[in-house]
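Please read them alongside the model.

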Amino acid sequence: MSPASVRLRRGIVVAAAVGALVVPLAQATAVPQSPPASLAAAGRSSPSPSPTPSGGVVELTPAVQRQLDDAVQQVMKEADVPGVTVGVWTPDKGEYVKSFGVADKNTGRPMTPDLYLRIGSETKTFTVTALLQLVDQGKVGLDDTIGKYIEGVPNGDKITLRQLAGMRSGLFNYSQDEAFFKALTSDPQRHFSPQELLDYAFKHPVLFPPGQKFYYSNTNLILLGLVVEKMSGQQLAGYIHDHILQPAGLDHTSFPVGTEFPDPHAQGYTNQTATGQVEDTADWNPSWAWAAGAMISQLQDLRVWARTVATGQLPDGDRMVSAATQKQRLTTPPTSIPGAGYGLGIFDVQGWIGHNGSLPGYESLTIYLPSAQATLVVMLNTDINYKNQEPSTVFGDAITRIISPGHVFDLPAEPAAH
């Protein structure tokens, strides 16, 4: 779901909204939603194709593509987004790939589909995939407690790996800690170790007994990253590279260990800063997000990853995760957000399966609609909220109202390494 400033510390809409929910083990169901006020005010309407097209996605005709152009540019204008790239792919109804705006506000360099961007919490889908592979290998069990692997975790003898991956542990989210926010924004290039991040979390009491509620916490993923390292014998970045990125052919996706950022990349703009002024974050060190949000990718790789993570199947047909384990991953108990469920490091929002991501300066959204075998990827170079919504959510909502009116993506994104 999403990133960090006030958002780094405030916990965002999703965490706050779902914090009071007792979660039954059931599949989320779609609930009709009203159009976003901004686009409704602009006089936008649904495209001419049937509101219930076969498989859930309309044909991407020239008229529909013009609607997409208009909707994306309207959101950019209203939300003051410097640059965005959008990709929509279907097996039989066409595709749409286009960039708008600028990658660098100082030089005017245009946004283009080949640029690298930071993908924030989409990293969680990779970390949890690594964990599930270890489950398939018999090295860990989803119902093992975290205390079996990591010492010093509050409620560690009760919290399971499944509850960590499903955001139901009750552990405080370190990125909401005031001291952490001050440390990060006062020196954005500093390196944070996983233990330092856990220390910020563990000085807070647990919020509820494990399994009782859904609460989005980056702390959960730091712990799972440490489990992957301990039980695989590899550094997390190395394990993900060898066992996920290479087999999936994701040659333009990486897990940085410092401030490195492949070229060409977009500059990123945030107001989650010490002064509250907008700053360029391309050289910020994402170690503070580590297993929860540090990764970098590019449009075409995310296109491949959307289907791979939603199905558990590699592009060559081999399994990335066993069918039985993937079924557990896609059990998505509902949150308090109508139509939204969250499984093991993945969500289901009105039928779209995947994750969004945000950390200072960047946001992304990578989702797959199984009924239509359709993929949507959105990548942008700001995380500055628009009317209390993260811009990736506004884009996802506006685009899916056009291409899949029966499956509208309207998830409030999460905060930092969100």
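**Notes on the strands and the helix pair**

1. Strands β10 and β11 form a hairpin with four residues between them, and Q373 in the turn has a positive phi of about 50 degrees. Seven bridges join β10 to β11 (residues 374–380), and the two run antiparallel; S364 stands opposite M379 in β11. Strands here are DSSP E runs of at least two residues and helices H or I runs of at least four, numbered from the N terminus; two strands pair if DSSP finds at least two bridges between them.

2. The model is predicted: local features need pLDDT of at least 70 and side-chain atom pairs pLDDT 80 or more, while totals for chains, interfaces and linings use all residues. Residues are numbered from 1 along each chain as its sequence is written, and side-chain values use heavy atoms, without hydrogens and water.

3. On its other pairing, β10 is joined to β9 (residues 352–359) by seven bridges, also antiparallel. N356 stands opposite L365 in β10. This hairpin has two residues between the strands, and G361 takes a positive phi near 100 degrees.

4. Eight of the eight residues of β10 (residues 362–369) are buried, so the strand is largely enclosed by the rest of the structure. Buried means under 20% relative accessible area (1.4 Å probe, protein chains only). Y362, S364, T366 and Y368 cover one side, and E363, L365, I367 and L369 the other.

5. V64, Q67, L68, A71, V72, V75 and M76 in helix α4 meet V394, F395, A398, I399, I402 and I403 in helix α14, contact being heavy atoms within 4.5 Å.

Note on methods: Buried means under 20% relative accessible area, exposed over 50%, partly exposed in between (1.4 Å probe, protein chains only).
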